[in-house]
Amino acid sequence: MKIKINELSAMSYRLGALNMRFIRMLVLVVLVALAGCSAIPTPEVREDVSSETSTEDGAAADVIRIGAAVSETGKYSREGRDTRQGYGTWLEWVNNEYGGIDVAGKRYQVELVMYDDEGDPDTVARLVEQLISEDRVDFLLGPYSSSLTQSASAISEKYDKIMVEGNGASESLFERGFRNLFAVLTPAGNYTQSALKMLAEQGAQSVVIAYEDTAFPTSVAEGAQRWAKAYGLEVLGVETYPRDVADVSGIMAKFKEVEPDIFVGGGHFNDAILFIRAAKELDFNPKAMVITVGPSNPKLVQEVGADAEYVIGPTQWEASMSYEDEYFGTAAEYAARYEAQWSEPPTYQAAESTATALALHLAIEAAGALDTNSVRNALRELDVVTFYGPINFDETGKNASKPMGAIQVQDGEILVVAPGHAAVSELRYPAPDWKDR
Amino acid sequence: MDQVLQALVNGLLLGGFYAVMVLGFSVIWGVMGIINLAHGEYLMIGAYLGWGLFRYFGMDPFAALLLILPLMFLFGYVLQYVLINRIVERPHLMSLLITFGISIALANLFKILFTSDPRNVSVTYNGSVELLGITFPIVKSIIFGAALLCMLGLHLFLQRSRMGKSIRAAAQNRTAARIVGMDINRTYAVTAGICIAITAAAGAMLSPTQAIFPFMGPPLTLKAYTITALGGLGRIPGALMGGVVLGVTETMVSRFVPGIGTNLGVAISFVILVLILILRPQGLLGGLRPVDPEAE
């Protein structure tokens, strides 16, 4: 009996220890499960007209199915929303106003199937596979950002599906020999072209370049060096910095010594703030600062205030540009339509997304067929001017014909200063020293 | 020579900020043995407070410290009492899990509240002053001064006050401190309150120099970890030393190595970390070392 009690207590003790371990395991399992949950496909967003007619082969009567995986959550949630709304603007217009895509005399309504890629390259690849093999879409539109486009387009290429995109600017996307990827936006290497050209014409002689060592800024900076050479600007220094950099004053102090006319900063929004702050703090006075991504966004002026004055930034599109087409009218008319539908003005990410869908639409009509080969050939032949600018794909699928615009912050407003025909204001050059502002 | 001096000044100013940024992390680790993975998020909260008070009430971020310090002390005290105290004496994994959880929850909460649009505080005096041929950035110089004040205050508090002595006692030997009748839970809560308040203050000081966004925390936590390992746990001179070594190294390398200087500076700080861990695992200046192995 005694022994039994001892055994029992020993057992319950062991049970207790087991229990503790069990609880710990349970916590871990729950955590892993929670992490897993976020990877479960989110319910799809269907902005369709009617899908009851869709059949196994997808080429259902009178409906063209187009698929896209675009961030709704994750780090690109803001830009992803612009992209979705841009696609949505075209969808609304093509189905309700235009009367469907005209394929060899027959009108097709469009069904758009969109999923949330969460900003994750693996998720976007999985979703594109799902769009192709389960939803049986006929064509694909691109996600937001170069890195997601990189992974999404690898899948569409594997299945020989056309993907037209407007939010992946890195040149590396088009150096892979893909036959089915087409981009309507100006590639990253050309971002600084019009700004540098204009500054060279104004008498600038030298340039320094600082950029983050990731795909898109690297493309921008390599392009900037190329264009600097082309326009006779002397490159006095090139510096890289890592992602999540906390301080760029080392770079700026070095640049201050060489007294360049132009500073080019390739990076993302946060870097624009760092560059401007560090330049002012160190009293570094280039005659012009050209910075990617930040300046074209009204948020920069809102947060940085008067120090953002005179800063120049590349832009893919602005509503004040003078492009127009027979579909959406002028750039300004497009902006008005967009604002009526989504109650906020379009960013250039939204406009290029609408232009992406429009390019696919026009190619399908020109091909008069829905098969990949015909539409691919039609995309290669495509040569149009839209509200977003000229679209004419080169043999790799880039839209090399569209010049990049440049804006300058003037009196707190973002105004287009280049290229000439789209400009609404004169460039202010040189910028005064920080002390004289 | 001027260039070297200028780089040295920039490095010192950066180092001063690093030091105040790391204080809270270092003391919490030293006193409770908790590696606080939510440290960067406390900086983020401080930065958002600084930004919010500036944007909506027109308060200067440095004046706002008077409000942010007590507010975040309260936040830290309650957080410690309600949540962290329960796992202080559990295995390390628990505190890592819980602080990691707090960091994710806070970052996403702030994303919902403020969206992920980056913010910045635009003070009017963010220019520079030239002195003896060297350019002093005004805001960073103020940060440096405020950082020294914070460190001096905390140092005096820990060395001189009764509460400070309790905190050091709890750090050295939890069991003995209990035996002589100290309320460990309260001591820990006060420690956390002070540490989180100083951390948030550092965040608010950061707000005029950098972009503020909900996911800015993790790289700062990593930096804090490096500096703490450099300087030693829970020692204020150690934090200052670690911060300054890192700041000066990063600035010097990025100033004088062409092309990849900034990248190399960050890499070198980790090389220093590895060397220190091999040669002086207790940190450059040593640190608070718990006496009983259980508290380790």
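A residue counts as buried if 20 or more other C-beta atoms lie within 10 Å of its own, with C-beta atoms placed from the backbone. By that criterion, strand E2 (residues 63–69) of chain A is mostly covered, since 7 of its 7 residues are buried. The model described here is a predicted one, and the account below begins with its confidence before turning to the fold.

**Confidence and overall make-up**

Chain A averages a pLDDT of 85, and 86% of its residues score at least 70. Where pLDDT is low, the predicted coordinates should not be read in detail.

Chain A has 437 residues, of which 51% count as buried, and its secondary structure comes to 12 helices and 18 strands.

**Two domains**

The domain assignment divides chain A into domain 1 (45–186 + 320–391) and domain 2 (190–315 + 404–436). The C-alpha centres of domain 1 and domain 2 of chain A lie 32 Å apart. Where these domains of chain A meet, 11 residues of domain 1 are in contact with 12 residues of domain 2, and the domain 1 side of chain A divides into 3 nonpolar, 7 polar and 1 charged residues.

**Strand E2 and its partners**

From E2(A), Val63(A), Arg65(A), Gly67(A) and Ala69(A) point one way, while Ile64(A), Ile66(A) and Ala68(A) point the other way, and all are buried. E2(A) pairs in the parallel sense with strand E4 (residues 106–115) of chain A over 7 bridges, and in this pairing Ala69(A) stands opposite Tyr115(A). E2(A) also runs parallel to strand E5 (residues 139–141) of chain A, to which 2 bridges join it; here the bridge partner of Ile66(A) is Phe139(A).

**An open sheet of seven strands**

In chain A, 7 strands form an open sheet with mixed pairing, in the order E9-E8-E10-E11-E12-E17-E18. Its edge strands are E9 and strand E18 (413–418) of chain A, each of which pairs on one side only, and the twist averages 25 degrees from one strand to the next. Strand E17 (residues 405–410) of chain A runs antiparallel to E18(A), and 5 bridges join the two; in E18(A), Glu413(A) stands opposite Gln410(A).

| Strand pair | Sense | Bridges |
|---|---|---|
| E2(A) and E4(A) | parallel | 7 bridges |
| E2(A) and E5(A) | parallel | 2 bridges |
| E17(A) and E18(A) | antiparallel | 5 bridges |

**Backbone features worth checking by eye**

Two residues other than glycine have a positive phi. For Glu118(A) phi is about 60 degrees, and this residue sits in the loop between E4 and helix H3 (121–133) of chain A; Glu118(A) is buried because 23 other C-beta atoms lie within 10 Å. For Asp160(A) phi is near 55 degrees, and its place is the loop between helix H4 (146–158) and strand E6 (163–165) of chain A. Asp160(A) is exposed, because it has 12 other C-beta atoms within 10 Å. Not counting residues up to four places away in sequence, Asp160(A) touches Asn180(A) and Thr372(A).

**The contact between chains A and B**

The contact takes 32 residues from chain A and 31 residues from chain B. Helix H2 (77–97), strand E9 (234–241), helix H7 (249–258), helix H8 (269–281) and helix H9 (298–304) of chain A each supply at least two residues of the side that touches chain B. H8(A) gives the largest share of that side, with 7 residues. By class, the side of chain A that touches chain B has 13 nonpolar, 6 polar and 13 charged residues.

Notes:
Residues are numbered from 1 along each chain as its sequence is written. Chains are lettered from A and ligands numbered from 1 in the order in which they are written. This is a predicted model: local features need pLDDT of at least 70, side-chain atom pairs count only at pLDDT 80 or more; totals for chains, interfaces and linings use all residues. pLDDT is the predictor's confidence in each residue, from 0 to 100. Two residues are in contact if their C-beta atoms, placed from the backbone, lie within 7 Å. Helices (H or I, at least four residues) and strands (E, at least two) are DSSP runs, numbered from the N terminus. Ala, Val, Leu, Ile, Met, Phe, Trp, Tyr, Cys and Pro count as nonpolar, Asp, Glu, Lys and Arg as charged, and the others, Gly among them, as polar. Two strands pair if DSSP finds at least two bridges between them. Axes are lines fitted to C-alpha atoms, for helices over the stretch in contact, and angles run from 0 to 180 degrees between N-to-C directions. Domain bounds come from an automatic or database domain assignment.
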